[in-house]
Amino acid sequence: MSDLEKLVRRRMQEEYAKGASAEEIAKVVRDLFNSVDISGNRFDAVAVLATRDRE
């Protein structure tokens, strides 16, 4: 499983635990994918997203 897949699964689980609806979870995942810069080092992009989303 890639780091991006792990990040997406974790975020989905966090949102589900908060009681988010399916639509809200889909929006979070869509926003996550839209913010990933695939032109650079994918591991750096995932690390930045992981830390930014925790704030």
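**View 1. The buried residue E15 of helix α1****.** With a relative accessibility of 10%, E15 counts as buried, a word used for residues under 20% relative accessible area, whereas exposed means over 50% and partly exposed lies in between (1.4 Å probe, protein chains only). E15 belongs to helix α1, where a helix is a DSSP run of H or I with at least four residues, numbered from the N terminus. When its neighbours within four places in sequence are set aside, E15 is in contact with A20, I25 and V28, contact meaning heavy atoms within 4.5 Å.

This is a predicted model, in which local features need pLDDT of at least 70 and side-chain atom pairs count only at pLDDT 80 or more, while totals for chains, interfaces and linings use all residues. Residues are numbered from 1 along each chain as its sequence is written, and side-chain values use heavy atoms, with hydrogens and water left out.

**View 2. The packing of helix α1 against helix α2****.** Helix α1 (residues 3–17) packs on helix α2 (residues 22–35) at an angle of about 150°, and their axes, which are lines fitted to C-alpha atoms over the stretch in contact, are 10 Å apart. The two helices, α1 and α2, are therefore roughly antiparallel to each other, a description kept for angles over 145 degrees. From α1 the contact is made by L4, L7, V8, R11, M12, E15 and Y16, and from α2 by I25, V28, V29, L32 and F33.

View 3. Of the 55 residues in the protein chain, 25% are buried.

How values were computed: Axes fitted to C-alpha atoms, helices over the stretch in contact; angles between N-to-C directions. Parallel < 35°, antiparallel > 145°, perpendicular 65-115°, else oblique.
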